[in-house]
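Biologist: I am new to this structure and would like a close look at a single part of it. Please start with that part and then place it in its wider setting.

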Amino acid sequence: MSTVLVDAAVASRGVALELAVPSGSVMAVVGPNGSGKTTLLHLVAGLLRPTEGLVRVGDLVLSDARRVAPTHRRRVALLTQRSALFPHLSVLDNVAFAPRAAGATREAARERAVAELTGVGCEALAGRAAHELSGGQAQRVAIARALAGDPRVVLLDEPMVGLDIGAAAELRGILADRLRGRTSLLVTHEALDVWTIADRVAVIGGGRVLETGPADDLLVRPTSHFLAQLGGLTLLAGVGRGGDLELADGRHVQGLSDEAQPLHEGRPGLAGIPPEAVSLHLEPPGGSPRNALPAVVQSLEPRGPVVRVLLDVGEQRLAADVTSQSVAGMGLGPGSAVWAVVKAVQVRLYGR
Amino acid sequence: MIRPPLPRWLALPAAFAAIFLAVPLVAMLVRVPWSRFPALLATSSSLDALWLSLRTCVASTAVCLVLGLPLAVVLSRSHGRLATAGRLLASLPMVLPPVVAGLALLVALGRRAWLGSRLSLLGVDLAFTTAAVVVAQTFVAMPYLVVTVEGALRSAQDDFDVVAATLGASPTTVLGRVTLPLAAPAIASGTALAFARALGEFGATLTFAGSLQGTTRTLPLEVYLVRETDTDAAIALSVVLVAIAVVLVAVTAVLGRRQQVRR
């Protein structure tokens with residue numbers, strides 16, 4: 001069993017985190033920058049000492065205020081946005097590093113490395129040097145390297161940041177595949193990562209865990225906590241129908257089907273809608289084939305030059321970023337009935 | 001990108017500096033009696049000095065590596081006043097006049113000195129032996145290795161050691177398989193520098209080890225000695241030293257470039 005239990009405070013960082021990751025489940029961790037996400041990972045990896053409380057994996061206490069088990073004895077792998085492949089070793093020897101460190105023979109370690117490289121589709125890169133890889137390839141090799149050590153817990157700190165869209169989509173698929181059934185913590189800002197990779201979500205804000213729950217529940221019926229912490233997209237859940245996404249109330253959302261995870265007829269799917277692509281109107285718009293959804297304003301939150309408006313769309317939530325002028329012009333407040341309008345080309349449809 | 005040009009007048013002092021550095025070497029190369037070159041080197045005192053220099057330099061460079069590498073690694077990870085003091089101490093012999101270094105060694109390790117007298121009770125007599133040459137060379141050369149390697153280790157910003165630890169590598173494994181291999185170019189160039197410094201060592205050796213043919217009279221001491229009686233022989237020996245220095249500088253330059261590429 002490798003259930004992770006964190007109940008630890010780090011006074012200097014103003015963080016007091018309480019979180020349990022069930023054995024074999026992938027927990028997404030979302031929250032604004034500086035909220036304590038990386039601190040959480042560092043507590044589990046043993047790179048940070050709790051001033052109070054403890055970190056436990058299974059029945060083993062890894063850290064408390066007095067003792068901290070050294071990182072190398074924890075079997076906790078950490079993957080960051082920099083793949084940090086060792087520049088003096090080939091791709092193969094990078095991946096063989098953990099088995100070698102655990103005492104495997106060179107042959108056994110390399111055999112394991114080839115298997116892990118195959119698992120991320122990089123077996124052809126075994127002989128290359130680290131600097132000969134693209135960013136996406138390097139991250140895939142870093143995943144293989146992390147998993148080759150049979151870690152009890154895998155920690156991922158925004159592994160997709162800095163990759164181009166195609167490479168990020170590929171990596172997302174690989175992570176979904178390779179992390180299944182492994183106790184993991186994945187820090188991300190993307191709702192799509194949560195949906196694709198994670199079973200559970202923890203929302204962190206101000207150094208506290210604000211809420212945790214099954215990923216699907218939070219995505220389909222997001223709380224304002226959850227939505228407020230996400231950056232890129234808000235998601236509407238539905239079913240594939242005639243190339244569109246059909247919502248529970250029968251309304252259709254049109255968009256472009258994602259190439260890596262296309263929407264399938266009659267199967268559950270998601271529409272990813274960037275908040276800045278949503279415009280709000282008091283009257284239903286006519287004319288071009290746009291997505292227009294009746295919505296009720298739930299809350300307004302100023303965010304620099306824009307106002308993030310959280311909307312109830314049926315049972316689901318949608319975020320819209322609009323200027324404060326238009327909020328004032330329309331007289332928007334909690335409870336206002338509006339139409340949320342999005343161009344179809346700005347909506348991406350995902351299947352699972 | 002076209003960089004803004006340098007001021008033109010800068011070429012004048014720069015050229016002067018280059019000429020200043022080149023003239024003595026060129027003058028010496030011109031004076032080398034090439035026809036008698038092998039004969040000049042083949043005298044017993046020359047060969048003794050050459051052989052002694054090679055042996056002692058290899059030995060002192062080895063000691064520099066064995067003791068200096070650990071010091072460099074420890075210093076690179078240390079903070080606070082003690083570490084600052086350690087860094088200062090480790091680089092002091094670089095700026096110390098060699099004759100002062102030799103005197104310090106004599107005062108510490110000489111036969112009648114506090115430490116030296118206790119060592120000689122154990123049957124270890126250092127002063128005026130070949131071992132004393134190695135001690136003197138190590139004392140002045142080790143800082144070059146320590147400073148070079150420590151600087152490289154400290155400026156390495158990537159946390160490969162953290163990554164290695166999360167992959168289950170013990171501190172010893174991290175050191176052997178990650179930290180030191182990554183610092184290999186710096187270690188090589190630091191070693192070359194230390195070897196060169198040991199080879200050129202004069203003042204500390206003369207003060208602490210003396211000048212006995214075949215025992216403590218290294219190449220630089222031999223050059224100084226024969227210079228008065230046989231300038232040609234001194235020049236021939238000097239050319240050997242210059243050749244070794246050129247090779248070492250070239251090695252360091254190549255390794256330095258390789259290190260930049262890797263970054």
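This is a predicted model: local features need pLDDT of at least 70, side-chain atom pairs count only at pLDDT 80 or more; totals for chains, interfaces and linings use all residues.

Modeller: In it, six of the eight residues of β19(A) are buried, so the strand is largely enclosed by the rest of the structure. Being buried here is a matter of counting: a residue qualifies when 20 or more other C-beta atoms lie within 10 Å of its own.

The sheet around the strand comes next. β19(A) belongs to an open sheet of five strands, which follow one another in the order β16-β20-β17-β18-β19 in chain A and pair in the antiparallel sense. β16 (279–281) and β19 (316–323) of chain A are the edge strands; each has a single partner strand, so one side of each has no neighbour in the sheet. For β19(A), then, an edge position in the sheet goes together with six buried residues out of eight. The burial count takes in C-beta atoms within 10 Å of a residue's own, whereas the edge position concerns partner strands in the sheet. On average, neighbouring strands of the sheet are turned by 45° against each other, with direction ignored.

The partner of β19(A) is β18, residues 306–313 of chain A, and eight antiparallel bridges hold the pair together. One point along this pairing is A:V307, which stands opposite A:V322 in β19(A). The two strands form a hairpin, with two residues between them. In that turn A:G314 has a positive phi of about 60°. In a regular strand, side chains alternate between the two faces of the sheet.

At the other edge is β16(A). Three bridges link β16(A) to β20 (residues 337–342) of chain A, and these two strands also run antiparallel. Here A:L280 has A:A340 in β20(A) as its bridge partner.

Stepping back to the whole chain, chain A is divided into domain 1 (4–229) and domain 2 (234–351). The centres of the two domains, taken over C-alpha atoms, are 32 Å apart. Where the domains touch, 13 residues of domain 1 are in contact with 15 residues of domain 2. On the domain 1 side, α6 (165–179), α7 (191–197), α8 (215–220) and α9 (224–229) of chain A each give two or more residues. That side of domain 1 is made up of nine nonpolar, two polar and two charged residues.

Two loop residues of chain A have a backbone feature worth checking on the display. A:D150 has a positive phi of about 45° although it is not a glycine. A:D150 sits in the loop between α5 (135–147) and β7 (153–157) of chain A, and it is partly exposed, with 13 other C-beta atoms within 10 Å. A:E158, likewise not a glycine, has a positive phi of about 45°. The place of A:E158 is the loop between β7 and α6 of chain A. A:E158 has 18 other C-beta atoms within 10 Å and is therefore partly exposed.

Chain A also touches chain B. In that interface 18 residues of chain A are in contact with 15 residues of chain B. β6 (76–79) and α3 (97–101) of chain A each supply at least two residues of the chain A side. By class, this side of chain A has twelve nonpolar, four polar and two charged residues.

Chain B itself has 13 helices and zero strands. Its C-alpha trace spans about 65 × 65 × 30 Å along the principal axes. Of the 263 residues in chain B, 34% are buried. Among contacts in chain B with a separation of 6 or more, 76% are between residues 24 or more positions apart. The average pLDDT of chain B is 90, and 97% of the residues score at least 70.

Helix α12 (residues 219–226) of chain B is mostly covered, with six of its eight residues buried. Those buried residues are B:L219, B:P220, B:L221, B:E222, B:V223 and B:V226. In an α-helix there are 3.6 residues a turn, so residues three or four places apart point the same way.

Key
Residues are numbered from 1 along each chain as its sequence is written. Chains are lettered from A and ligands numbered from 1 in the order in which they are written. Two residues are in contact if their C-beta atoms, placed from the backbone, lie within 7 Å. Helices (H or I, at least four residues) and strands (E, at least two) are DSSP runs, numbered from the N terminus. Ala, Val, Leu, Ile, Met, Phe, Trp, Tyr, Cys and Pro count as nonpolar, Asp, Glu, Lys and Arg as charged, and the others, Gly among them, as polar. Domain bounds come from an automatic or database domain assignment. A residue is buried if 20 or more other C-beta atoms lie within 10 Å of its own, exposed if 12 or fewer, and partly exposed in between; C-beta atoms are placed from the backbone. Two strands pair if DSSP finds at least two bridges between them. Axes are lines fitted to C-alpha atoms, for helices over the stretch in contact, and angles run from 0 to 180 degrees between N-to-C directions. pLDDT is the predictor's confidence in each residue, from 0 to 100.
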